[in-house]
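Let's take a walk through a protein model together. Have a look at the picture first, and then we'll go from the place where the chains meet to the inside.

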Amino acid sequence: MQNHDQDTQEIARLVRRCREGDELAWEELVRRFQNRVLGLVSHYVRSREDARDVAQEVFIRVFRSLPNFENEERFVPWLLRIARTTAIDHTRRRAARPPAQDVPAEDMHALADPNPDPAERTERASERGMLRRALDRCSSLHREILVLREVQGMALNEVADLLGIPSGTAKSRAARARAELAREVMALEDEEVRRLEGPQPGGAS
Amino acid sequence: MMTCDRFHDRLDAYLAGGVAEPERAEIEQHLEDCGECASVVASVLADGEPSIAFPVLARTTGRSCGRVQDAIAEGGPWSATMTAHVDECEPCARFVAVLARCDRVLPQLAAVEADADFASDVIMATLSRPKLSRVAWRRWLDRLERWLERPRAAQEFAYAITVIAVLLTATPMSPFPQVSTWLSASPLTTSRDRASIAGDEALADRVIGEIQIRGTRLVRDLDRLGQGIATTGAGFLTGDPERVHRGADEVGCGLQSLWSGVRTPEVEVEGPCADPSAVQTGGGTKTACIVIATGERT
């Protein structure tokens, strides 16, 4: 907790320096949060290139809004909120105006393919891959709260605030989401076991 | 009237003290009526011998796996029946293990490694012009550094400097033509010296003035001059002093022939043209003066 507080203080100092026009501080801030923003965005935006563009847009928006942002201690939730809004805006734009060639770009959460080689199989067996796939199978409502609360580690009241729901609702939704995720993981494990036990002719693709 | 089934469903809540009044009375009534259910509660509460109580609890809450799992997912403190159920129920035990793994691994999904250019792209897009120019400046510096690290860079640099130096000083149109007199190693370095060779200062001044005017027009020897420059540069590049001197001589000769080309009717020199000692020790420049003077006399 001490460590966390120190972190918050340090980030607040950095943000303050940014607002005073310190360009090095801004660079440090970007470098510090780029992976996290990209991580959050990539849960909303599937293609790697789109996620990169959206993450850049997030930082551009943050940069423009910094002069009006005063609560430096609350920078991280603020940043994540902007990241979420930007990502959702992007997916809405995409939905309204789908790309001319609808080729799904390289998926960051590489899904199973029908005939994987052993190396890929090992990769897919990895815990992260499994969890990513399980997350993808959850309902979007549950996935979002999992991403914000469990993955990004936001406090429950921050999540409730961000999603615009009462904290009681957020709490119960988070619990249901956790349960759903665990069940999806178990289902995936069962599928994996069945697939490894024997290839069924004309079976799953 | 409460049935055993319903009692089993509510057992967990009852033991956790989470049953409100009218139902609570019903449950207590049922416990008085049903010896089996009463013994289950007693064995859990006794906390002494779990071997009987736990299998029973697994059964009684078995149909409520979903409820137990939801309670576990909520993350609150575990009730005794939850513990008992999980101990006996294999799917729920697995659920707990999977949930623990999720908690452990999910934070690892928080970040996606950004590529190396991500931050600099963002900074280029956000920062104002001074910063941009600073970045561009740094980029050019990097490029220059890489360029200078090439093996022949030093020689090429020397060559370029030489060519620039010669162009600045040793051609008729150079901004600093007097430097060429040092380059050709002549002891005569100023126009005063040249004038005195002719013996007649006024005449020498006129000759020199004429040379300067004509010199800018006469460009026929520029090819030779260029060759001289190239030879000098190559001499510098290869570290060959002989070529440097030869090139410099060629440049000097070029100047000399330009000067000797200046033969106008106005230039009339009478009497001995120059100091003999100067002729003996002279380099290209001196010779040029003398050619001008004697050419008209004969």
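## Where the chains meet

Two residues count as being in contact if their C-beta atoms, placed from the backbone, lie within 7 Å. Keep in mind that this is a predicted model.

Take the contacts in chain A with a separation of 6 or more: 63% of them are between residues 24 or more positions apart.

Chain B has 17 helices and, again, zero strands. Here 28% of the 298 residues count as buried. Among the chain B contacts between residues at least 6 apart in sequence, 62% join residues at least 24 apart.

Now for the inside. Nonpolar side chains tend to be buried together in soluble globular proteins. The largest nonpolar core in this model has 62 residues, and A:V37, A:V41 and A:A182 have the most contacts inside it. Which helix gives the most to this core? That's helix α2 (residues 23–44) of chain A, with nine residues.

Zoom in on A:V41. Leaving out residues up to four places away in sequence, A:V41 touches A:A51, A:V54, A:A55, A:V58, A:A83 and A:A87.

## Two helices crossing

Next, follow α2(A) to helix α3 (residues 48–65) of chain A: their axes come within 9 Å and cross at roughly 130 degrees. That angle makes α2(A) oblique to α3(A). The crossing is right-handed.

Who meets whom? From α2(A) come A:V30, A:Q34, A:V37, A:L38, A:V41 and A:S42, and from α3(A) come A:A51, A:V54, A:A55, A:V58 and A:F59. By class, that's nine nonpolar residues, two polar and no charged.

## A helix with neighbours in both chains

Last stop: helix α6 (residues 127–137) of chain A. Its buried residues are A:M130, A:L131, A:R132, A:A134 and A:L135. They pack against α7 (140–151) and α9 (167–197) of chain A, along with α7 (90–105) of chain B.

Methods: Residues are numbered from 1 along each chain as its sequence is written. Chains are lettered from A and ligands numbered from 1 in the order in which they are written. This is a predicted model: local features need pLDDT of at least 70, side-chain atom pairs count only at pLDDT 80 or more; totals for chains, interfaces and linings use all residues. A residue is buried if 20 or more other C-beta atoms lie within 10 Å of its own, exposed if 12 or fewer, and partly exposed in between; C-beta atoms are placed from the backbone. Helices (H or I, at least four residues) and strands (E, at least two) are DSSP runs, numbered from the N terminus. A nonpolar core is a set of buried Ala, Val, Leu, Ile, Met, Phe, Trp, Tyr and Cys residues joined through C-beta atoms within 7 Å. Axes are lines fitted to C-alpha atoms, for helices over the stretch in contact, and angles run from 0 to 180 degrees between N-to-C directions. Angles under 35 degrees count as roughly parallel, over 145 as roughly antiparallel, 65 to 115 as roughly perpendicular and the rest as oblique. A crossing is left-handed if the near helix is turned anticlockwise from the far one by less than a right angle, and right-handed if clockwise. Ala, Val, Leu, Ile, Met, Phe, Trp, Tyr, Cys and Pro count as nonpolar, Asp, Glu, Lys and Arg as charged, and the others, Gly among them, as polar.
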